[in-house]
Amino acid sequence: MLFSKLVALLSATLVLASSKPRSVQKLNIIRDTDGLQTNVTWDEYSLMINGERMFMFSGEVHPYRMPSQSLYLDILQKVKSMGFNTVSFYVFWGIVEPKRGVISFEGFRDLQPFFDAAMEAGIYLMARPGPYINAETTAGGFPGWGTYTPSLWRTSNTTYYEAWQNYVSTTAHILAENQITNGGPIILVQSENEYTGWAPGYSEDFTYEAELLSAWRTAGIKVPITFNDASPEGHYLTVNIWGYDSYPNGFDCSSPYTWASNAVPTYFWSAHEEYAPEEPNAVYEYQGGAFDGWGGSGYDTCAILTGPDFERVFYKNELATSTTYLNLYMIYGGTNWGGIAHPGVYTSYDYGSAIAEDRTLREKYYELKLQANFLRVSPAYLTTRPMNSYSNQGAFTGNQALLTTQVLDVVGNQTGFYVIRQANASSNAMEMYTLTLPTSVGNLTVPVLGGQLTLDGKDSKVHVVDYAAGANTLLYSTAEITTWATIDGRDIIVVYGNAGELHETAFKFDGTVPAATVVSGSEQLKSETINSTNLVIQYTTTGQTVVEVGSDVLLYILDRANAYEFWVLYPPTTGAYANYSTADPILVKGGYFIRSVDVSGSTLALLGDLNSTASFEIIAPAASSAQVTFNGEPLTLEKTSYGTLTAEKTVSLPQVNIPTLESLTWKTADSLPEITPTYDDSSWTTANHTTTVNPTQPSTPVVLYAGDYGYHTGNILWRAHFTSLGAETGFTLNVQGGSAFGYSVWLDSSFIGSWVGDAVYESYQSSFSFPGTLSKGSAHVLTILQDHMGYEEDWTAASDDFKAPRGLLSYSFEGSNATTVDLWKVIGNLGGEDYVDTTRGPLNEGGLYGERQGWHLPDFDDSYWADGLPTNGISSAGVSFYRTTFELDIPSGVDYPMAIVTTNMTTNPYFRSQFYVNGYQFGKYVNSVGPQQAFPVPQGILNYNGLNTLAVSLWAHENEGAKLSSIALEVLAQVESSMAAVVNQPMPPWTPRPGAS
Ligand code: GAL
């Protein structure tokens with residue numbers, strides 16, 4: 001152990017200053033296992049699955065953020081066709097054990113459909129069951145009951161230890177059954193999450209770490225256990241494969257074009273070598289987008305902050321650190337439906353990811369595909385070391401504005417990768433350069449045939465040297481490679497550059513140098529034989545040019561837009577892992593999305609999605625592509641002069657009828673009977689605790705924290721019964737609910753005021769005057785309706801930050817210090833931790849009267865309600881509910897994602913609404929805070945072939961009342977699709993709700 005560490009360190013130091021790759025000594029290869037299985041092994045370079053080295057290109061997906069489970073397959077197939085092979089997912093303790101001791105994986109919480117979809121897509125999984133996950137989820141994934149469980153969480157404290165036992169062992173058993181050792185997709189399990197920062201006075205708790213490790217193992221986890229340090233600081237090194245996280249462009253989506261000049265991380269390699277030199281350089285979370293908070297600038301801006309230029313610069317920079325495990329957080333963000341969110345995010349968790357919340361593909365997706373496909377065909381990269389990690393400005397190029405990292409295959413001792421980027425990450429300058437490279441035929445300065453290479457602003461490139469592509473070797477290529485494949489004995493090599501850039505690709509031959517002939521495209525090549533056996537081809541990357549080099553190479557020269565269109569697909573083999581095959585690739589150019597390929601006899605069957613008419617070029621073995629079908633329909637094929645196939649496929653996008661929501665009949669009812677004089681709150685919970693274990697000790701006579709009474713999500717109502725001393729003139733209260741929360745207060749039936757909410761306040765103190773003096777001895781009730789934006793996270797271990805209460809921190813009567821509250825009552829979601837809707841889960845409903853009654857559910861009888869639209873609203877402060885139904889009849893074979901869309905209301909702007917589709921809460925809207933106005937609802941929650949129930953709550957904060965400015969159902973995209981049929985999630989209808997009052 002010590003010896004191998006020494007060898008690795010020594011070799012790393014030896015090679016650091018070297019620019020002569022061939023003299024590099026081969027490192028000692030240590031194959032390692034956790035001793036429990038042999039499917040997943042590793043050494044200091046990479047992971048190996050069943051003995052095969054792989055670049056693990058992974059993306060984060062949270063099953064609980066997509067409750068329409070039959071869409072998992074679509075998402076995972078999109079990840080797969082991007083060239084990725086792995087997905088990482090969290091398990092959310094808070095929704096599977098919402099009541100202590102009662103664990104349920106019912107409904108959308110069942111993980112098996114996710115595992116099955118992964119197997120079908122051919123995607124490996126990394127499971128991240130916490131118990132702490134962060135993830136912008138309420139309480140960072142902890143269950144609500146944790147807020148009243150004593151002692152510090154995320155430590156080895158006994159109370160916490162006892163709290164996580166049940167969840168960890170139950171979940172681990174489920175994961176264990178789905179490990180690769182049992183024929184499932186799970187290859188790694190992460191313990192804890194970013195256990196990296198501690199409250200003052202605390203530090204890394206090794207006992208806690210060890211206890212968790214042993215709990216996973218005891219429950220049957222056999223695959224390697226991993227851990228993600230928030231940054232590479234060497235915590236929790238006792239796991240099998242340690243790694244770290246990084247979000248180098250930050251989360252400020254409001255200025256998405258601004259990058260810090262030093263934004264690109266430069267210390268990862270040295271940190272990796274310091275902490276885990278015998279393990280692959282693993283990055284378990286790398287920025288794939290950014291979250292956006294209440295009042296933020298919206299996810300389109302986050303997608304720009306982390307757009308294709310970001311992907312090029314930052315992900316290629318990871319290659320400059322020989323990273324071989326790269327998980328992008330998030331690859332598909334999904335939705336914070338119900339009460340999933342912590343206060344730092346709103347309903348959408350789109351994250352600006354490559355795959356948008358509505359499952360459409362951003363340009364980011366296509367850029368990632370270029371990079372992922374390259375890594376999949378570059379085994380030499382998997383045993384590399386960075387030689388001059390960041391040290392040499394101007395190295396290899398002579399241009400001081402550029403940084404070049406030389407990354408050499410120190411095992412194969414042949415191939416080099418040169419990663420180039422701007423030294424100043426904020427630069428938009430066009431830099432010109434030549435590269436002086438050590439190659440197997442000696443040092444060369446490229447372009448050899450004259451001219452210069454360019455790096456235009458925020459860009460980065462990987463130039464290869466002595467790179468094997470099938471039977472051929474590229475002496476070098478300045479145009480980047482997206483893929484190569486050997487098909488019918490011919491090496492198809494696909495290279496690309498930005499439109500109009502000058503590039504060179506050089507081939508190394510053993511003997512005779514064949515001619516390079518343009519067989520398609522208008523490009524004029526320059527070519528020349530150097531050193532008698534090497535052929536240099538110079539060109540600009542414009543459109544598509546196909547070049548035959550002798551009879552066994554077809555070189556595709558593409559600009560970026562053309563390269564985006566290339567798909568690399570692998571026909572399934574047989575057995576349980578048939579869809580994980582990476583043998584016999586088939587290349588398809590064209591189409592918005594190609595999902596899969598299958599070969600039967602001489603027929604090639606493509607499945608894909610189109611948003612416009614597609615022109616395909618198909619490069620497949622002749623014997624298996626005599627016929628080609630697309631989504632089951634035969635294509636009319638033509639053959640190119642160079643032996644590939646072309647075909648046109650017209651798109652079919654049927655028109656559909658979408659109801660105009662504002663012309664439907666809506667029913668409405670008052671949802672705040674609590675302020676009527678006869679309202680009886682006797683069935684509510686009496687808030688009578690006089691002590692709490694909460695770190696925030698109360699200043700009130702009884703504890704007024706909703707969590708202490710089992711209410712952890714959605715709106716909370718409080719009622720304070722008091723007897724007047726005749727002197728009260730008003731009421732002052734400090735309420736806490738999290739960023740952008742609000743509250744409204746009534747004295748008996750009279751509205752006395754609201755805090756309307758603002759993203760910067762998580763608690764707020766207000767004073768409200770009573771409408772008149774109260775007569776001495778008279779009985780009154782104050783009704784307080786407050787919003788709950790989720791619990792805070794607990795990122796700082798031993799801080800218990802997640803316990804920050806939701807409720808009243810203080811109150812007093814103006815003009816009468818002596819007045820006391822005789823009785824406090826509280827209500828949240830019906831049943832609290834004994835929530836009634838076990839299908840939609842513990843976070844779907846809050847405590848509004850209408851929610852307690854189940855007015856948001858299908859089949860509730862609203863026939864006796866008045867007619868009224870949410871766009872008519874209410875004329876005074878209060879809460880009303882609206883319901884309507886509509887039919888949809890969307891044909892099969894299309895993917896038309898939809899959203900409930902509202903627009904900003906500028907008159908009487910202070911209100912909040914929630915939107916429920918077939919009982920699932922898919923939108924929480926705060927008009928005066930924003931920014932979200934379109935709330936995507938996935939098919940399967942929205943019934944595309946039948947009846948839908950839409951319910952809207954409207955809470956007007958001010959005397960003038962409020963109304964929605966508009967409400968519409970909109971189609972977000974029209975795609976002809978091969979996705980598997982969507983089965984609706986269970987949508988249990990309304991049934992009588994005993995105890996709801
Ligand atoms: C990381 C954390 C993730 C998520 C991410 C930001 O620190 O591990 O769970 O919170 O930050 O989106």
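This is a short tour of one structure, stop by stop.

**Before you start**

The model is predicted, so local features need pLDDT of at least 70 and side-chain atom pairs count only at pLDDT 80 or more, while totals for chains, interfaces and linings use all residues. Residues are numbered from 1 along each chain as its sequence is written, and side-chain values use heavy atoms, with hydrogens and water left out.

**Stop 1: the domains**

Colour four ranges: domain 1 (5-361), domain 2 (382-591), domain 3 (661-669 + 848-976) and domain 4 (673-827). These bounds come from an automatic or database domain assignment. Now pick domain 2 and domain 3. Their centres, taken over C-alpha atoms, are 52 Å apart.

**Stop 2: the ligand**

Next, show some N and O atoms by the ligand. Tyr90 has a polar side-chain atom 2.8 Å from a ligand oxygen atom. Glu285 also places a polar side-chain atom 2.8 Å from an oxygen atom of the ligand. For Ile133, a backbone N or O atom lies 3.1 Å from a ligand oxygen. How much of the ligand does the protein bury? Taken alone, the ligand exposes 310 Å², and the protein buries 94% of that (areas come from the Shrake-Rupley method with a 1.4 Å probe).

**Stop 3: the largest pocket**

Select Glu52, Arg376, Val377, Tyr570 and Thr582. The largest pocket has about 470 Å³ of space. Of its 25 lining residues, those five, Glu52, Arg376, Val377, Tyr570 and Thr582, are the closest to its centre. A pocket is an open set of points on a 1 Å grid over the protein atoms alone, with protein on both sides within 12 Å along at least five of seven lines; a cavity is a set where a 1.4 Å probe fits but cannot get out; lining residues have an atom within 4 Å of a point. Points are joined across faces, edges and corners, and a volume is the space filled by probe spheres set on them.

Highlight β3 (52-54), α10 (363-376) and β21 (480-487), the elements that give two or more residues to this pocket's lining. β21 gives the most, with four residues. Helices (H or I, at least four residues) and strands (E, at least two) are DSSP runs, numbered from the N terminus. Domain 1 and domain 2 each supply at least three residues to the lining.

**Stop 4: the cavities**

The whole structure has 13 cavities of 30 Å³ or more.

Find Pro98, Gly144, His712, Pro842 and Leu843, the closest to its centre among 18 lining residues. Why does this second largest cavity lie between domain 1 and domain 4? Both domains give residues to its lining.

**Stop 5: backbone details**

Zoom to Gly130 and Pro131, joined by a cis peptide bond with omega about 10°. Pro131 is in the loop between β6 (124-128) and α5 (158-177). Another cis peptide bond joins Gly930 and Pro931, with omega about 5°. End at Phe396, which is not a glycine but has a positive phi of about 70°.

Terms used. A polar contact is a pair of N or O atoms within 3.5 Å; within protein, one must be able to donate a hydrogen and the other to accept it, and residues adjacent in sequence count only if both atoms are side-chain atoms.
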